[in-house]
Amino acid sequence: MSPAAVVTGLGVVAPSGLGVGEFWPAVRDGHLALAPIGRIDPNPYPVTVAGEVAAFAPDGWVDPRITVQTDRFTHFALAAADLALEDAALEPAAVGPFEFGVMTASYSGGVEFGQREIERLWRNGPEHVGPYQSIAWFYAACSGQVSIGNGLRGPSGVLVADEAGGLDALAAAGGELRRGARAMLVGGAEAPFCPYAMCCQLGLGLLSTSRDPATAYQPFTGQAGGFAPAEGGAMLVVEDADAARSRGAAVKAVVAGHGATYTGRRQFDQSAQGLLRAATDALAEAGLTPDGVDAVFLDAMADPSADAAEAEAVRLLLGERASRVPVTAPKAGYGRCYAAAAVLDVAAAVLALEHGLVPPTPGVRDCLFDLDLVTGAARPADLRTVLVLSRGVYGGNSALVLRHPESPITGGN
Amino acid sequence: MDTRLSPDDLAALISRCTGVPVTGEQVTDPSRTFDDLGVDSLGVMGVLSELQRNHGVPKDADLRPHQSPRELLALLPGRV
(Lines give C-alpha, C1' and ligand atoms only; values in the text may rest on other atoms or scores of the structure.)
Protein backbone atom coordinates (compact mmCIF):
# COMPACT_ATOMS: atom_id res chain seq x y z
CA MET A 1 0.00 0.00 0.00
CA SER A 2 1.24 3.45 -0.87
CA PRO A 3 2.00 5.47 2.25
CA ALA A 4 0.90 8.80 0.76
CA ALA A 5 -1.79 11.03 2.18
CA VAL A 6 -3.55 13.09 -0.44
CA VAL A 7 -5.80 16.15 -0.17
CA THR A 8 -9.06 15.65 -2.04
CA GLY A 9 -11.31 18.33 -0.55
CA LEU A 10 -11.02 21.84 0.89
CA GLY A 11 -13.60 23.56 3.06
CA VAL A 12 -12.84 27.12 4.03
CA VAL A 13 -14.70 29.56 6.28
CA ALA A 14 -12.47 32.63 6.22
CA PRO A 15 -12.78 36.39 6.52
CA SER A 16 -11.94 36.38 2.80
CA GLY A 17 -14.83 34.12 1.91
CA LEU A 18 -16.90 31.00 2.47
CA GLY A 19 -15.81 28.04 0.38
CA VAL A 20 -12.87 27.90 -2.02
CA GLY A 21 -15.04 29.53 -4.70
CA GLU A 22 -14.88 32.77 -2.71
CA PHE A 23 -11.62 32.22 -0.83
CA TRP A 24 -9.29 31.56 -3.75
CA PRO A 25 -10.17 34.62 -5.87
CA ALA A 26 -9.85 36.81 -2.76
CA VAL A 27 -6.46 35.32 -1.87
CA ARG A 28 -5.24 35.30 -5.49
CA ASP A 29 -6.14 38.96 -5.94
CA GLY A 30 -4.74 40.08 -2.59
CA HIS A 31 -8.14 41.21 -1.35
CA LEU A 32 -8.06 42.91 2.05
CA ALA A 33 -10.60 41.35 4.41
CA LEU A 34 -9.48 43.11 7.59
CA ALA A 35 -11.90 45.59 9.14
CA PRO A 36 -12.85 47.18 12.47
CA ILE A 37 -13.99 44.52 14.96
CA GLY A 38 -17.80 44.36 15.04
CA ARG A 39 -18.34 41.43 17.39
CA ILE A 40 -17.21 43.29 20.51
CA ASP A 41 -19.29 46.44 20.60
CA PRO A 42 -18.42 48.83 22.06
CA ASN A 43 -14.80 47.75 21.84
CA PRO A 44 -12.80 49.08 24.81
CA TYR A 45 -9.57 47.35 23.75
CA PRO A 46 -6.53 48.74 21.96
CA VAL A 47 -6.86 46.12 19.18
CA THR A 48 -9.51 47.34 16.76
CA VAL A 49 -8.69 45.71 13.41
CA ALA A 50 -9.41 42.02 12.84
CA GLY A 51 -10.48 39.47 10.29
CA GLU A 52 -14.08 38.53 11.01
CA VAL A 53 -16.27 36.10 9.08
CA ALA A 54 -18.98 38.73 9.26
CA ALA A 55 -21.24 37.08 6.68
CA PHE A 56 -21.46 33.80 8.59
CA ALA A 57 -24.41 32.73 10.74
CA PRO A 58 -25.01 29.11 11.75
CA ASP A 59 -28.51 29.00 10.20
CA GLY A 60 -28.43 26.77 7.16
CA TRP A 61 -25.05 25.33 8.10
CA VAL A 62 -25.64 23.83 11.53
CA ASP A 63 -28.59 21.78 12.86
CA PRO A 64 -30.43 24.13 15.28
CA ARG A 65 -30.14 21.50 18.02
CA ILE A 66 -26.38 21.59 17.64
CA THR A 67 -26.25 25.39 17.35
CA VAL A 68 -27.50 25.85 20.94
CA GLN A 69 -25.00 23.27 22.22
CA THR A 70 -21.89 24.69 20.56
CA ASP A 71 -19.64 27.71 20.27
CA ARG A 72 -19.06 29.73 17.13
CA PHE A 73 -15.71 27.98 16.52
CA THR A 74 -17.57 24.69 16.20
CA HIS A 75 -20.12 26.27 13.84
CA PHE A 76 -17.17 27.23 11.62
CA ALA A 77 -15.73 23.71 11.78
CA LEU A 78 -19.06 22.05 10.95
CA ALA A 79 -19.60 24.35 7.97
CA ALA A 80 -16.01 23.86 6.78
CA ALA A 81 -16.38 20.08 7.09
CA ASP A 82 -19.53 20.13 4.95
CA LEU A 83 -17.77 22.27 2.34
CA ALA A 84 -14.74 19.94 2.34
CA LEU A 85 -16.86 16.80 1.87
CA GLU A 86 -18.73 18.49 -0.95
CA ASP A 87 -15.47 19.62 -2.56
CA ALA A 88 -14.13 16.07 -2.29
CA ALA A 89 -17.39 14.65 -3.67
CA LEU A 90 -17.21 12.23 -0.76
CA GLU A 91 -20.29 10.86 0.95
CA PRO A 92 -19.17 9.89 4.48
CA ALA A 93 -21.36 6.79 4.43
CA ALA A 94 -19.35 5.52 1.42
CA VAL A 95 -16.35 5.03 3.75
CA GLY A 96 -16.48 2.47 6.54
CA PRO A 97 -17.38 4.40 9.72
CA PHE A 98 -14.34 3.12 11.59
CA GLU A 99 -12.05 4.09 8.70
CA PHE A 100 -13.02 7.77 8.62
CA GLY A 101 -11.77 9.99 11.46
CA VAL A 102 -11.43 13.64 12.44
CA MET A 103 -8.35 15.56 13.58
CA THR A 104 -8.45 19.22 14.53
CA ALA A 105 -6.11 21.72 16.13
CA SER A 106 -7.40 24.24 18.65
CA TYR A 107 -5.89 27.24 20.37
CA SER A 108 -8.77 29.10 22.01
CA GLY A 109 -11.58 26.57 22.44
CA GLY A 110 -15.20 27.72 22.73
CA VAL A 111 -14.46 31.02 24.43
CA GLU A 112 -17.53 33.04 23.53
CA PHE A 113 -19.93 30.35 24.79
CA GLY A 114 -17.71 29.89 27.83
CA GLN A 115 -17.71 33.57 28.69
CA ARG A 116 -21.51 33.71 28.53
CA GLU A 117 -21.86 30.79 30.95
CA ILE A 118 -19.15 32.04 33.32
CA GLU A 119 -20.92 35.39 33.44
CA ARG A 120 -24.10 33.55 34.47
CA LEU A 121 -22.16 31.68 37.13
CA TRP A 122 -20.80 34.83 38.78
CA ARG A 123 -23.81 37.02 38.21
CA ASN A 124 -26.59 34.58 39.16
CA GLY A 125 -25.07 31.43 40.62
CA PRO A 126 -24.13 27.88 39.63
CA GLU A 127 -27.67 26.76 38.82
CA HIS A 128 -27.74 29.31 36.00
CA VAL A 129 -24.93 27.64 34.05
CA GLY A 130 -26.39 25.64 31.18
CA PRO A 131 -25.52 21.96 30.77
CA TYR A 132 -23.93 22.50 27.34
CA GLN A 133 -21.08 24.51 28.84
CA SER A 134 -19.60 21.11 29.68
CA ILE A 135 -19.09 20.32 26.00
CA ALA A 136 -19.14 23.64 24.15
CA TRP A 137 -15.98 25.28 25.48
CA PHE A 138 -13.91 22.14 25.11
CA TYR A 139 -11.00 22.12 22.64
CA ALA A 140 -12.22 18.79 21.25
CA ALA A 141 -15.72 20.13 20.51
CA CYS A 142 -15.01 20.53 16.79
CA SER A 143 -13.58 17.04 16.35
CA GLY A 144 -16.47 15.61 18.36
CA GLN A 145 -19.29 17.43 16.60
CA VAL A 146 -17.83 16.85 13.12
CA SER A 147 -17.48 13.18 14.02
CA ILE A 148 -21.02 12.86 15.42
CA GLY A 149 -22.62 14.95 12.70
CA ASN A 150 -21.11 12.92 9.89
CA GLY A 151 -21.18 9.49 11.51
CA LEU A 152 -17.38 9.22 11.53
CA ARG A 153 -16.15 6.73 14.10
CA GLY A 154 -12.56 6.32 12.99
CA PRO A 155 -9.48 7.52 14.87
CA SER A 156 -10.09 11.08 16.02
CA GLY A 157 -8.51 13.66 18.26
CA VAL A 158 -7.61 17.25 18.90
CA LEU A 159 -4.18 18.83 19.10
CA VAL A 160 -3.77 21.70 21.52
CA ALA A 161 -0.27 22.39 20.33
CA ASP A 162 0.07 26.13 19.96
CA GLU A 163 -0.62 27.74 16.60
CA ALA A 164 1.69 25.40 14.72
CA GLY A 165 -0.67 22.60 15.75
CA GLY A 166 -2.58 23.39 12.57
CA LEU A 167 0.20 21.72 10.59
CA ASP A 168 0.77 19.02 13.20
CA ALA A 169 -2.89 17.97 12.77
CA LEU A 170 -2.17 17.17 9.12
CA ALA A 171 0.76 15.02 10.22
CA ALA A 172 -1.36 13.29 12.88
CA ALA A 173 -4.01 12.55 10.27
CA GLY A 174 -1.31 11.14 7.98
CA GLY A 175 -0.30 8.83 10.82
CA GLU A 176 -3.87 7.55 11.16
CA LEU A 177 -4.00 6.89 7.40
CA ARG A 178 -0.80 4.87 7.65
CA ARG A 179 -2.36 2.89 10.51
CA GLY A 180 -5.32 1.93 8.39
CA ALA A 181 -7.79 4.80 8.20
CA ARG A 182 -8.97 5.54 4.66
CA ALA A 183 -10.07 9.14 5.09
CA MET A 184 -9.71 11.95 7.62
CA LEU A 185 -11.34 15.33 8.02
CA VAL A 186 -8.49 17.54 9.22
CA GLY A 187 -8.23 21.19 10.18
CA GLY A 188 -9.18 23.69 12.79
CA ALA A 189 -11.32 26.70 13.59
CA GLU A 190 -11.12 29.67 15.92
CA ALA A 191 -13.63 32.27 17.09
CA PRO A 192 -11.63 34.37 19.54
CA PHE A 193 -13.65 37.59 19.61
CA CYS A 194 -15.20 38.01 23.03
CA PRO A 195 -13.87 40.19 25.88
CA TYR A 196 -12.34 37.26 27.77
CA ALA A 197 -10.50 35.91 24.74
CA MET A 198 -9.45 39.38 23.67
CA CYS A 199 -7.84 39.95 27.08
CA CYS A 200 -5.95 36.65 26.74
CA GLN A 201 -4.66 37.74 23.34
CA LEU A 202 -3.66 41.22 24.53
CA GLY A 203 -1.35 39.57 27.03
CA LEU A 204 0.68 38.17 24.17
CA GLY A 205 1.87 41.68 23.29
CA LEU A 206 1.96 40.64 19.64
CA LEU A 207 -1.25 42.10 18.25
CA SER A 208 -1.38 45.15 16.04
CA THR A 209 -2.95 48.23 17.59
CA SER A 210 -3.18 50.04 14.27
CA ARG A 211 -6.63 51.46 13.58
CA ASP A 212 -6.19 51.32 9.81
CA PRO A 213 -7.19 47.99 8.21
CA ALA A 214 -4.98 48.76 5.21
CA THR A 215 -1.79 48.95 7.28
CA ALA A 216 -2.60 46.99 10.46
CA TYR A 217 -0.78 43.76 9.51
CA GLN A 218 2.42 44.36 7.56
CA PRO A 219 4.83 41.47 8.11
CA PHE A 220 8.41 41.70 6.84
CA THR A 221 8.27 45.48 6.53
CA GLY A 222 9.71 48.33 8.57
CA GLN A 223 6.13 49.01 9.70
CA ALA A 224 5.62 45.54 11.20
CA GLY A 225 3.88 46.21 14.51
CA GLY A 226 2.05 43.01 15.26
CA PHE A 227 -0.57 40.88 13.58
CA ALA A 228 -4.29 41.34 13.13
CA PRO A 229 -6.18 38.47 14.81
CA ALA A 230 -8.81 36.56 12.86
CA GLU A 231 -11.63 34.09 13.24
CA GLY A 232 -12.57 31.30 10.87
CA GLY A 233 -11.02 28.03 9.87
CA ALA A 234 -10.67 25.28 7.36
CA MET A 235 -11.23 21.55 7.13
CA LEU A 236 -9.57 19.31 4.56
CA VAL A 237 -10.49 15.86 3.36
CA VAL A 238 -7.25 13.89 3.40
CA GLU A 239 -7.36 10.35 2.08
CA ASP A 240 -5.07 7.42 1.71
CA ALA A 241 -3.76 7.69 -1.86
CA ASP A 242 -4.96 4.19 -2.78
CA ALA A 243 -8.40 4.82 -1.28
CA ALA A 244 -8.68 8.09 -3.21
CA ARG A 245 -7.58 6.41 -6.42
CA SER A 246 -9.96 3.49 -6.02
CA ARG A 247 -12.96 5.80 -5.75
CA GLY A 248 -11.75 7.94 -8.64
CA ALA A 249 -11.28 11.06 -6.53
CA ALA A 250 -9.56 14.12 -7.96
CA VAL A 251 -6.35 14.55 -5.97
CA LYS A 252 -5.45 18.17 -5.29
CA ALA A 253 -2.12 17.71 -3.51
CA VAL A 254 0.05 15.19 -1.72
CA VAL A 255 0.93 15.73 1.95
CA ALA A 256 4.53 14.68 1.57
CA GLY A 257 6.36 15.60 4.77
CA HIS A 258 6.15 17.25 8.17
CA GLY A 259 8.55 18.43 10.84
CA ALA A 260 8.02 20.09 14.22
CA THR A 261 10.34 21.64 16.81
CA TYR A 262 10.01 23.71 19.97
CA THR A 263 12.24 26.66 20.81
CA GLY A 264 10.66 28.22 23.88
CA ARG A 265 8.20 30.92 24.73
CA ARG A 266 8.89 34.44 23.47
CA GLN A 267 12.31 33.59 22.08
CA PHE A 268 11.65 34.35 18.47
CA ASP A 269 15.35 34.72 17.68
CA GLN A 270 15.61 30.99 18.44
CA SER A 271 12.84 30.18 15.99
CA ALA A 272 15.20 30.58 13.00
CA GLN A 273 16.92 27.35 13.94
CA GLY A 274 13.62 25.81 15.00
CA LEU A 275 11.92 26.54 11.68
CA LEU A 276 15.01 25.49 9.74
CA ARG A 277 15.09 22.14 11.52
CA ALA A 278 11.35 21.62 11.07
CA ALA A 279 11.61 22.43 7.35
CA THR A 280 14.64 20.20 6.87
CA ASP A 281 12.87 17.32 8.62
CA ALA A 282 9.73 17.83 6.54
CA LEU A 283 11.71 17.83 3.29
CA ALA A 284 13.65 14.75 4.36
CA GLU A 285 10.40 12.94 5.08
CA ALA A 286 9.23 13.95 1.61
CA GLY A 287 12.44 12.54 0.12
CA LEU A 288 13.44 15.99 -1.09
CA THR A 289 16.21 18.52 -0.58
CA PRO A 290 15.74 22.29 -0.23
CA ASP A 291 16.56 22.59 -3.95
CA GLY A 292 13.14 21.17 -4.67
CA VAL A 293 11.17 23.92 -2.90
CA ASP A 294 9.27 26.06 -5.44
CA ALA A 295 7.48 28.41 -3.02
CA VAL A 296 7.16 29.04 0.73
CA PHE A 297 4.06 30.10 2.66
CA LEU A 298 5.38 32.06 5.62
CA ASP A 299 4.24 32.21 9.23
CA ALA A 300 4.46 36.04 9.16
CA MET A 301 4.14 37.04 12.81
CA ALA A 302 4.76 40.73 11.96
CA ASP A 303 6.98 41.09 15.02
CA PRO A 304 10.39 42.51 14.01
CA SER A 305 12.45 39.80 15.71
CA ALA A 306 10.08 37.02 14.63
CA ASP A 307 10.10 38.22 11.02
CA ALA A 308 13.89 38.46 11.04
CA ALA A 309 14.13 34.92 12.42
CA GLU A 310 11.79 33.55 9.78
CA ALA A 311 13.67 35.32 6.99
CA GLU A 312 16.88 33.86 8.43
CA ALA A 313 15.37 30.36 8.46
CA VAL A 314 14.42 30.69 4.78
CA ARG A 315 17.89 32.00 3.94
CA LEU A 316 19.59 29.15 5.79
CA LEU A 317 17.30 26.60 4.17
CA LEU A 318 17.46 27.80 0.58
CA GLY A 319 20.95 29.32 0.54
CA GLU A 320 21.58 31.51 -2.49
CA ARG A 321 18.14 30.54 -3.91
CA ALA A 322 16.49 32.40 -1.02
CA SER A 323 16.38 35.64 -2.97
CA ARG A 324 14.57 34.07 -5.94
CA VAL A 325 12.18 31.43 -4.54
CA PRO A 326 8.78 33.12 -4.23
CA VAL A 327 7.58 33.42 -0.65
CA THR A 328 4.25 34.78 0.52
CA ALA A 329 1.93 35.44 3.47
CA PRO A 330 -1.68 35.64 2.23
CA LYS A 331 -2.87 35.89 5.86
CA ALA A 332 -1.76 39.54 5.84
CA GLY A 333 -5.02 40.08 3.96
CA TYR A 334 -7.38 38.37 6.39
CA GLY A 335 -5.55 38.01 9.69
CA ARG A 336 -4.04 35.33 11.80
CA CYS A 337 -6.53 32.90 13.25
CA TYR A 338 -4.34 31.04 15.69
CA ALA A 339 -4.45 27.23 15.31
CA ALA A 340 -6.51 27.60 12.13
CA ALA A 341 -4.04 30.03 10.53
CA ALA A 342 -1.73 27.33 9.23
CA VAL A 343 -4.67 25.23 8.04
CA LEU A 344 -5.85 28.18 5.95
CA ASP A 345 -2.28 28.50 4.66
CA VAL A 346 -2.38 24.84 3.66
CA ALA A 347 -5.67 25.43 1.85
CA ALA A 348 -4.14 28.44 0.06
CA ALA A 349 -1.03 26.43 -0.79
CA VAL A 350 -3.09 23.56 -2.22
CA LEU A 351 -5.01 26.07 -4.35
CA ALA A 352 -1.70 27.66 -5.42
CA LEU A 353 -0.45 24.24 -6.60
CA GLU A 354 -3.74 23.64 -8.40
CA HIS A 355 -3.70 26.99 -10.20
CA GLY A 356 0.07 27.43 -10.72
CA LEU A 357 -0.04 30.81 -8.99
CA VAL A 358 1.69 32.15 -5.90
CA PRO A 359 -0.79 34.54 -4.26
CA PRO A 360 0.50 37.86 -2.97
CA THR A 361 1.04 39.26 0.52
CA PRO A 362 -1.72 41.89 0.58
CA GLY A 363 -0.91 45.40 1.63
CA VAL A 364 2.84 44.82 1.77
CA ARG A 365 5.13 46.70 -0.59
CA ASP A 366 8.63 47.03 0.76
CA CYS A 367 10.05 43.79 2.16
CA LEU A 368 12.91 44.50 4.56
CA PHE A 369 14.61 41.20 3.89
CA ASP A 370 16.44 39.64 0.96
CA LEU A 371 13.49 37.42 0.09
CA ASP A 372 11.39 37.24 -3.05
CA LEU A 373 8.17 38.18 -1.20
CA VAL A 374 5.30 38.16 -3.70
CA THR A 375 3.39 41.44 -3.47
CA GLY A 376 0.83 43.11 -5.69
CA ALA A 377 -0.48 40.47 -8.10
CA ALA A 378 -0.30 36.68 -7.93
CA ARG A 379 2.74 35.27 -9.68
CA PRO A 380 2.49 32.41 -12.21
CA ALA A 381 4.90 29.61 -11.34
CA ASP A 382 5.38 25.96 -12.19
CA LEU A 383 4.73 24.72 -8.67
CA ARG A 384 5.63 21.13 -7.84
CA THR A 385 6.57 21.48 -4.17
CA VAL A 386 5.36 24.06 -1.66
CA LEU A 387 6.63 24.47 1.88
CA VAL A 388 4.28 25.85 4.57
CA LEU A 389 5.83 27.27 7.75
CA SER A 390 4.01 27.92 11.01
CA ARG A 391 5.01 29.14 14.42
CA GLY A 392 3.15 29.38 17.65
CA VAL A 393 3.31 32.37 19.91
CA TYR A 394 4.52 30.01 22.66
CA GLY A 395 7.44 28.51 20.74
CA GLY A 396 6.22 25.74 18.44
CA ASN A 397 7.69 25.62 14.93
CA SER A 398 6.25 23.35 12.24
CA ALA A 399 6.71 22.79 8.55
CA LEU A 400 4.65 20.89 6.01
CA VAL A 401 5.61 19.88 2.47
CA LEU A 402 2.83 19.72 -0.11
CA ARG A 403 3.40 18.36 -3.61
CA HIS A 404 1.54 18.65 -6.86
CA PRO A 405 -0.39 15.40 -7.50
CA GLU A 406 1.49 14.86 -10.74
CA SER A 407 4.85 14.94 -8.99
CA PRO A 408 6.38 11.56 -8.31
CA ILE A 409 4.96 10.39 -4.97
CA THR A 410 7.75 10.23 -2.42
CA GLY A 411 8.04 10.40 1.31
CA GLY A 412 5.31 10.13 3.86
CA ASN A 413 7.35 7.56 5.72
CA MET B 1 -41.14 35.90 38.48
CA ASP B 2 -43.52 34.54 35.89
CA THR B 3 -44.69 31.12 36.90
CA ARG B 4 -47.61 30.79 34.51
CA LEU B 5 -46.72 28.99 31.32
CA SER B 6 -49.12 27.95 28.58
CA PRO B 7 -48.34 24.87 26.45
CA ASP B 8 -47.21 27.24 23.70
CA ASP B 9 -44.92 29.06 26.16
CA LEU B 10 -43.42 25.76 27.28
CA ALA B 11 -42.92 24.70 23.66
CA ALA B 12 -41.10 27.96 22.93
CA LEU B 13 -38.93 27.51 26.03
CA ILE B 14 -37.99 23.96 25.00
CA SER B 15 -37.11 25.19 21.52
CA ARG B 16 -34.98 28.02 22.88
CA CYS B 17 -33.09 25.74 25.30
CA THR B 18 -32.58 22.79 22.96
CA GLY B 19 -32.81 24.10 19.40
CA VAL B 20 -35.53 21.51 18.69
CA PRO B 21 -38.64 22.98 17.05
CA VAL B 22 -41.58 22.00 19.31
CA THR B 23 -45.26 22.98 19.07
CA GLY B 24 -47.78 23.54 21.84
CA GLU B 25 -49.72 20.57 20.50
CA GLN B 26 -46.70 18.26 20.89
CA VAL B 27 -46.23 19.47 24.45
CA THR B 28 -49.73 18.38 25.46
CA ASP B 29 -49.57 14.99 23.75
CA PRO B 30 -48.98 12.52 26.64
CA SER B 31 -47.61 9.84 24.31
CA ARG B 32 -44.78 12.02 22.95
CA THR B 33 -41.53 11.79 24.92
CA PHE B 34 -38.50 14.05 24.84
CA ASP B 35 -36.70 11.18 23.11
CA ASP B 36 -39.38 11.23 20.39
CA LEU B 37 -38.86 14.95 19.94
CA GLY B 38 -35.09 14.51 19.62
CA VAL B 39 -34.23 16.17 22.94
CA ASP B 40 -31.39 14.35 24.69
CA SER B 41 -30.62 14.11 28.41
CA LEU B 42 -28.53 17.30 28.49
CA GLY B 43 -31.36 19.10 26.70
CA VAL B 44 -33.89 17.86 29.25
CA MET B 45 -31.56 18.99 32.04
CA GLY B 46 -31.32 22.46 30.48
CA VAL B 47 -35.10 22.76 30.16
CA LEU B 48 -35.68 21.62 33.73
CA SER B 49 -33.03 24.02 35.07
CA GLU B 50 -34.63 26.92 33.25
CA LEU B 51 -38.03 26.04 34.74
CA GLN B 52 -36.52 25.70 38.22
CA ARG B 53 -34.77 29.07 37.93
CA ASN B 54 -37.59 31.14 36.51
CA HIS B 55 -40.87 29.28 36.68
CA GLY B 56 -41.22 27.89 40.17
CA VAL B 57 -40.59 24.22 39.48
CA PRO B 58 -39.29 22.60 42.70
CA LYS B 59 -35.52 22.12 42.99
CA ASP B 60 -35.91 18.40 43.64
CA ALA B 61 -37.99 17.77 40.50
CA ASP B 62 -36.50 15.18 38.18
CA LEU B 63 -37.14 14.47 34.54
CA ARG B 64 -35.70 12.02 32.01
CA PRO B 65 -35.76 11.85 28.21
CA HIS B 66 -38.17 8.88 28.21
CA GLN B 67 -40.75 11.13 29.90
CA SER B 68 -43.04 13.53 28.07
CA PRO B 69 -43.29 17.33 28.03
CA ARG B 70 -46.89 16.69 29.22
CA GLU B 71 -45.41 15.34 32.47
CA LEU B 72 -43.24 18.44 32.68
CA LEU B 73 -46.27 20.65 32.23
CA ALA B 74 -47.81 18.91 35.24
CA LEU B 75 -44.82 19.95 37.37
CA LEU B 76 -45.54 23.62 36.80
CA PRO B 77 -47.17 25.35 39.76
CA GLY B 78 -50.90 25.96 39.51
CA ARG B 79 -51.45 23.06 37.11
CA VAL B 80 -52.80 19.55 37.47
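Student: In which loop of chain A does Ala302(A) lie?
Tutor: This is a predicted model, in which local features need pLDDT of at least 70, side-chain atom pairs count only at pLDDT 80 or more, and totals for chains, interfaces and linings use all residues. Residues are numbered from 1 along each chain as its sequence is written, while chains are lettered from A and ligands numbered from 1 in the order in which they are written. Helices (H or I, at least four residues) and strands (E, at least two) are DSSP runs, numbered from the N terminus. On that numbering, Ala302(A) lies in the loop between β10 and α11 of chain A.

Student: Is Ala302(A) buried or exposed?
Tutor: A residue is buried if 20 or more other C-beta atoms lie within 10 Å of its own, exposed if 12 or fewer, and partly exposed in between, with C-beta atoms placed from the backbone. Ala302(A) has 27 other C-beta atoms within 10 Å, so the residue is buried.

Student: What is phi of Ala302(A)?
Tutor: Ala302(A) is a residue other than glycine, and its phi is positive. The value is near 65°.

Student: Which phi does Ala300(A) have?
Tutor: Ala300(A) lies in the loop between β10 (295–297) and α11 (304–318) of chain A. With 30 C-beta neighbours inside 10 Å, this residue counts as buried. Although Ala300(A) is not a glycine, its phi is positive, at about 60°.

Student: With which residues is Ala329(A) in contact, leaving aside its neighbours within four places in sequence?
Tutor: Ala329(A) is found in the loop between β11 (326–328) and α12 of chain A, and it counts as buried because it has 32 C-beta neighbours inside 10 Å. Two residues are in contact if their C-beta atoms, placed from the backbone, lie within 7 Å. Leaving aside neighbours within four places in sequence, the contacts of Ala329(A) are Pro219(A), Leu298(A), Ala300(A) and Thr361(A).

Student: How many Å apart in space are Ala329(A) and Val393(A)?
Tutor: In sequence, Ala329(A) and Val393(A) are 64 residues apart. From C-alpha to C-alpha, the separation in space is 17 Å.

Student: At what angle do the axes of α7(A) and α12 of chain A cross?
Tutor: Two packed helices are described by the angle between their axes and the distance between the axes. Axes here are lines fitted to C-alpha atoms, for helices over the stretch in contact, and angles run from 0 to 180 degrees between N-to-C directions. The axes of α7(A) and helix α12 (residues 341–355) come within 6 Å, and they cross at roughly 65°.

Student: How do the residues of the contact of α7(A) with α12(A) divide by class?
Tutor: Gly166(A), Leu167(A) and Leu170(A) of α7(A) meet Ala341(A), Ala342(A), Val343(A) and Val346(A) of α12(A). Ala, Val, Leu, Ile, Met, Phe, Trp, Tyr, Cys and Pro count as nonpolar, Asp, Glu, Lys and Arg as charged, and the others, Gly among them, as polar. The contact therefore divides into six nonpolar, one polar and no charged.

Student: Which element gives the largest share of the side of domain 1 of chain A that touches domain 2 of chain A?
Tutor: By an automatic or database domain assignment, chain A is divided into domain 1 (5–246) and domain 2 (254–403). Their contact takes 62 residues from domain 1 of chain A and 55 residues from domain 2 of chain A. On the domain 1 side, β1 (5–14), α1 (20–28), α7 (165–178), β7 (183–190) and β8 (232–240) each supply at least two residues. The largest share, seven residues, comes from α7(A).

Student: How many residues of α3(A) are buried?
Tutor: Helix α3 (residues 72–87) of chain A reaches 22 Å from its first C-alpha to its last, close to the 22 Å expected at 1.5 Å a residue, where the expected span is 1.5 Å times one less than the number of residues. The helix is mostly covered, and its buried residues number 14 of 16.

Student: Which helix gives the most to the side of chain B that touches chain A?
Tutor: The contact takes ten residues from chain B and ten residues from chain A. On the chain B side, six residues come from the helix that gives the most, α4 (residues 41–54) of chain B.
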